[in-house]
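Biologist: Could you walk me through this one? I'd like to hear what stands behind each label.

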Amino acid sequence: MAVTVRIPTPLRTLTGGADEVSADGGTVAQVIENLETNHPGMKDRLCDDKGVRRFVNIYANDEDIRFLDNLETALKEGDTLSIVPAIAGGASR
Amino acid sequence: MSAAHRVLVVGAGGLGSPVLRLLAAAGGSGVDHITVIDDDMVDESNLHRQTLYSSGDVGRSKIDRAAGVLRDLSPGLSVQTVEGRFVPDTATDLLSDHTLVVEGADNLATKFLVADAARLSGVPAVQAGAVRWAGWALCALPDSACLRCLFEDIPRDRIETCAEAGVVGPVVGVLGGLEAALVLRLLRGERPGGELWHYDALKGALRKTFVRRRSDCPLCAGEIQDLRMERYTAACAA
């Protein structure tokens, strides 16, 4: 099933600049695997060997997946995943 | 909140500029004193987003110039400047006579330090971060979710996210405006604790979500009881 994934600006280099992409999967983990297939490097930016990186948040329809079933959170067609990384203000651009 | 009149603003840069201007200009909103801390000088590369400053300020101390702008905006406002960085040794002393802190730091180590110091001091913290075209703003009350509930710890293994950091002027303008609005809501007696605002300028999207307290948050669980320097010496702390 297809879900929409909102991509934060630091990760858009992996999606060709796209701020949203469609991905397949019935759980968050499956969606991340699908993202990795289509946008190599994404999984490493989101996860380490313990799960979702500590400074990355993933929201399933605006609910933090840590309060759901984490990577095993079930998704349904049309759901939206939002990735929120820890970011600071920065230098000039 | 009673007598929430003394506001500490950490950082007089891209986020701090709109925060300081808006709070100083807010008149009878309840802010009658602002302390601003920053260690930087105005650089020409700052001017596109740090709206407190103009080209004539290049090379001058940010806090000196900021204080001048604030006093011009609001002659009755009490303004104190602290030239330096917000560091563990002095953080709680600085916070001790303020009723809330607004954070506009440009690095994650300081953001976590502000979160910890505010919680240990029992004051609200309004925080924000931005990169390129997007960012977030969070309000943490002493009994609400905090920055560590949202982002568990300072990134120590992904320095490229900091190295990549750069921000478009209007993004920090919006997020600084959101921070100022959260402050004014606090002063009105509202309790926006846990509100997390997401702004994406390229997408034209502003969303509000709520951060919940994590049961394993070390700050909310009381496991963090001091501001040891090693907690904040991360890759992005420079």
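Biologist: What share of contacts in chain A between residues at least 6 apart in sequence join residues at least 24 apart?

Modeller: 51% of them; two residues are in contact if their C-beta atoms, placed from the backbone, lie within 7 Å. Bear in mind that this is a predicted model: local features need pLDDT of at least 70, side-chain atom pairs count only at pLDDT 80 or more, and totals for chains, interfaces and linings use all residues. Residues are numbered from 1 along each chain as its sequence is written, while chains are lettered from A and ligands numbered from 1 in the order in which they are written.

Biologist: Why does the radius of gyration of chain A agree with a compact globule?

Modeller: Because 93 residues would give a compact globule near 12 Å, and chain A has 13 Å. The radius is taken over C-alpha atoms, and the rule is 2.2 Å times the number of residues to the power 0.38.

Biologist: What makes β2 and β6 of chain A edge strands?

Modeller: The open sheet runs β2-β1-β7-β5-β6 in chain A, with mixed pairing. β2 (20-24) and β6 (63-64) each pair on one side only. Strands here are DSSP runs of E, at least two residues; helices are H or I, at least four, all numbered from the N terminus.

Biologist: How do you know that β5 and β7 of chain A pair?

Modeller: Pairing takes at least two DSSP bridges, and 5 bridges join β5(A) to β7(A), which run antiparallel. Y59(A) stands opposite S82(A) in β7(A).
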